[in-house]
Amino acid sequence: MPRSREPSNRLWTVLAAPGIGWLLLFFLAPLYVVLAIVFGQRDPLFRTAVPVWNPLQWDPTQFTYVLTRIGPGEVYFPALARTVVYVGLASILCLCIAFPVAYYVSRLAGRWQGLLIALLIAPFWISYMMRMLAWVNLLQNDGLVNKILSFGGLFDVNVDWLTGQPVVVVLGLAYGYVPYMVLPLYAGLDRLSQSMLEASRDLGASRVSSFLRVTLPMCRPTMLAAVLLTCLPMLGDYFTNDLLSASPKTAMVGNLINDSVQAPGQTGQAGAFVMLVLVATVLPMIYYVRVTLRGDEVRT
Amino acid sequence: MPVPIGSGPNRRQFLQRAAILAATAPTLGAFLAACSKPAGTQGAGPSLTIAKPDSPVKWPIADDNKPIGDNLPPEKGATLKIYNYADYLSPQAIKGFEDQYGVKIEVSTFNDGDEAITKLRSGVDFDIYNANYTEISRLVTGGLVRPLNHSYIPNITNVWPTFTNPWYDQGWQYTVPYTIYTTGIGWRTDQVPADIGKLSNPYASLWDPTYKDKTAIIDDFHTAMAMVLLKQGITDVNTSSADDLKMVGEQLTALGKATSPKVTITMYSDMPAGQIGLCQMWSGDIINAQSYLPEGVGPEILRYWFPQDGKGLVDNDMLVTLKGGKNPVLAHLFLNHMLDPAVAKENFSAIGYQPPQNSLTAESLVAESFIPENLKNVIVKPEYFDTGYRTLELDTANEDAWRNVWNAFNSGGS
């Protein structure tokens with residue numbers, strides 16, 4: 001069978017060329033630039049990063065500087081651990097919020113489906129920064145949140161929401177990235193095989209049992225894709241922390257990158273952090289690819 | 001179980017492709033190198049002369065960078081391009097100049113000096129740049145600034161005499177002063193009832209757990225760490241002593257544990273909004289803060305402290321003309337325009353930062369109620385510049401050491 005497909009395989013390769021070209025130009029080449037900077041030199045006068053293109057001349061000083069400081073008990077470890085915790089919590093929170101919404105819209109909305117989808121896309125019309133700034137306003141010491149919590153002055157709620165509260169950062173991340181999770185979930189849930197679900201009900205499963213034992217396992221690749229789609233950008237997020245906290249107590253790896261990039265002579269360190277985040281994100285991606293390649297679910 | 005269409009590469013194909021990739025990887029590097037611009041001098045390049053108050057520097061003027069000639073007419077119908085911080089130049093001053101010379105002015109902004117210098121090196125045609133003396137060495141050595149022709153700037157006599165021969169630019173060959181400011185402690189009396197200025201060590205109030213979650217320090221490694229040094233009584237705010245830096249690191253960790261400060265430069269709006277009650281602040285910021293106060297909150301709750309003997313962090317910004325600019329005559333005239341007393345005073349009221357004008361003394365500013373009584377400590381006096389401490393440009397190794405301490409603090413130990 002494979003042999004007779006040889007000619008069409010060549011056609012597909014040619015058709016894939018633009019995609020491969022895009023990948024090379026906009027992903028692999030910039031990645032190589034980052035490596036050239038991480039392992040490069042610094043201009044002695046202006047202390048800007050000078051990339052070194054030849055791998056044989058690479059200087060690992062800046063990379064090893066960062067590498068020796070990310071272990072437990074070292075300087076950068078708290079920020080890295082914090083990032084994992086915050087992103088994990090925010091992703092789970094996003095999933096808990098987005099899944100019911102996506103499930104409803106894809107399966108139960110009926111004629112309201114179009115309107116609901118439009119409403120779900122609406123947050124994308126407003127920039128991330130504006131949405132976070134709105135929260136800054138609400139969370140100020142004399143803002144709406146404190147006013148509501150104090151029941152209009154009954155209790156004295158003196159919570160400083162915007163000074164280094166991890167809860168606020170996690171909720172901010174969840175709030176910012178929920179729209180990114182709803183749409184892929186919706187797309188995946190929409191393609192669930194209705195006949196499989198009906199079959200499970202016909203064979204005697206209760207609604208809850210059918211959901212837990214048939215629907216959820218079928219959704220697994222979709223949920224994985226949606227989580228990855230939101231979790232990976234969250235790992236590099238620095239803006240949420242800057243706006244909602246601005247305190248070193250809640251610094252994430254994105255803030256480490258941001259601080260190093262802006263400091264002359266430390267661009268290499270920023271690149272090292274970028275490589276770390278990249279490695280941390282490649283592993284889940286490999287897992288995801290393996291899961292979907294091995295997929296044995298039936299889709300309509 | 002359905003088999004995925006198009007099975008993956010078999011072992012031979014995989015090895016072939018890996019071999020091709022390994023063979024082409026170095027050429028990819030050469031390809032990228034060919035695409036990039038030629039790199040600047042590496043290794044043995046020109047070294048940096050660092051100016052200090054006790055070792056002033058007269059910068060050389062390169063032969064290909066002589067000042068413009070005398071009595072040249074201003075460029076007609078031109079667009080003067082100014083590169084400055086945001087909100088750091090009065091729109092009225094700009095309009096006044098535009099009307100007087102019939103030109104347009106375009107202001108581009110930057111967030112910090114390093115970003116600005118990177119942009120300047122990329123070959124832009126800005127005419128005027130708002131520089132700090134910590135950059136002057138790099139600007140001159142890098143050939144980015146144009147020397148001044150003093151005949152176009154007679155208004156220099158209006159500013160403090162020290163600026164005609166500052167230690168960072170003897171003979172004012174490249175710079176004119178723009179603003180002067182101090183870095184002290186600001187607070188709001190409704191959140192911080194204590195008079196911070198009367199404490200024996202006002203800087204230590206930032207470590208006081210009473211003010212937890214209400215404090216902030218300036219998001220600049222040198223300014224913040226210099227304050228820590230001053231708190232501990234060390235007056236060399238450009239120290240290269242490893243022990244001092246280690247102590248600063250420990251103090252910063254203690255600061256994080258005690259009051260968990262924000263690290264920001266927006267205290268001019270955060271403090272009036274009530275987010276911050278006590279912070280390290282620039283003198284101009286507390287003046288600006290008055291206009292950010294919400295309805296019903298008067299400016300009398302704001303306070304500022306700076307050592308009355310001037311033994312604190314003092315600073316000044318400067319304006320320089322850039323070599324890449326296309327309107328050198330207009331640039332000179334604009335510098336002269338900003339040194340005019342009336343323009344400078346109006347600029348002061350717009351941006352909150354004091355110009356070093358002879359006519360603006362502490363007495364006159366308070367008498368005219370230009371500065372409210374509760375904020376009279378923001379006024380910068382000439383004597384401060386004799387006794388004050390300057391944060392200077394650091395050499396590469398020292399700056400690395402400082403920044404490493406700062407990064408460690410910023411990454412927030414738990």
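## Ground rules and confidence

Because the model is predicted, local features are reported only at a pLDDT of at least 70 and side-chain atom pairs only at pLDDT 80 or more, while totals for chains, interfaces and linings use all residues. Residues count from 1 along each chain as its sequence is written, and chains are lettered from A and ligands numbered from 1 in the order in which they are written.

The predictor gives the complex an ipTM of 0.79 and a pTM of 0.82. Within chain A, helix H3 (residues 77-108) has the highest confidence, at 92, and helix H6 (residues 144-149) the lowest, at a mean of 83. For chain B the average is 87, with 90% of the residues at 70 or above. Watch residues 36-44 of chain B, though: the pLDDT there is below 50, and the stretch has four contacts in the model beyond near neighbours in sequence. A contact here means that two C-beta atoms, placed from the backbone, lie within 7 Å.

## Chain A

Chain A has 12 helices and two strands, and from the N terminus on the order is α-β-β-α-α-α-α-α-α-α-α-α-α-α. Helices (H or I, at least four residues) and strands (E, at least two) are DSSP runs, numbered from the N terminus. Along the principal axes, the C-alpha atoms fill a box of roughly 80 × 75 × 35 Å. Buried residues make up 33% of its 300 residues; buried means 20 or more other C-beta atoms within 10 Å of the residue's own, against 12 or fewer for exposed and anything in between for partly exposed, with C-beta atoms placed from the backbone. Of the contacts between residues at least 6 apart in sequence, 66% join residues at least 24 apart.

Nine residues of domain 1 of chain A touch eight of domain 2 of chain A. On the domain 1 side, helix H1 (residues 6-38) of chain A gives the largest share, three residues. That side divides into five nonpolar, two polar and two charged residues.

## Chain B and the interface

Chain B has 13 helices and 10 strands, and its C-alpha trace spans about 90 × 60 × 45 Å along the principal axes. Of its 414 residues, 41% count as buried. Among contacts between residues at least 6 apart in sequence, 77% join residues at least 24 apart.

Where the chains meet, 42 residues of chain B are in contact with 40 residues of chain A. The chain B elements that give two or more residues are helix H1 (11-35), H3, H4, strand S7 (262-264) and helix H13 (396-410). H13(B) gives the most, with eight residues. The chain B side divides into 14 nonpolar, 19 polar and nine charged residues.

## Helix H3 of chain B

Which residues of helix H3 (residues 113-121) of chain B are buried? They are Ala116(B), Ile117(B) and Leu120(B). Seen down the axis of H3(B), these fall within an arc of 95 degrees (taken over directions from the helix axis to the C-beta atoms), so they line one face of the helix. An α-helix has 3.6 residues a turn, so residues three or four places apart point the same way.

The buried residues of H3(B) pack against strand S1 (79-85), strand S2 (104-110), strand S3 (128-132), helix H4 (136-141) and strand S10 (313-322) of chain B. After H3(B) comes Gly123(B), with a positive phi near 90 degrees.

## The nonpolar cores

A nonpolar core is a set of buried Ala, Val, Leu, Ile, Met, Phe, Trp, Tyr and Cys residues joined through C-beta atoms within 7 Å. The largest has 101 residues, of which Ile128(B), Tyr129(B), Met225(B), Val320(B) and Met338(B) touch the most other members. Helix H5 (residues 221-231) of chain B supplies the largest share of this core, seven residues. The core draws at least three residues from each of domain 1 (79-180 + 316-371) and domain 2 (181-313 + 390-410) of chain B.

Not counting residues up to four places away in sequence, Tyr129(B) touches Tyr83(B), Ala116(B), Leu120(B), Val320(B) and Leu322(B). Another core, of 56 residues, lies apart from the largest one, and its members include Ala79(A), Cys94(A), Ala98(A) and Met252(A).

Note on methods. pLDDT is the predictor's confidence in each residue, from 0 to 100. Ala, Val, Leu, Ile, Met, Phe, Trp, Tyr, Cys and Pro count as nonpolar, Asp, Glu, Lys and Arg as charged, and the others, Gly among them, as polar. Domain bounds come from an automatic or database domain assignment.
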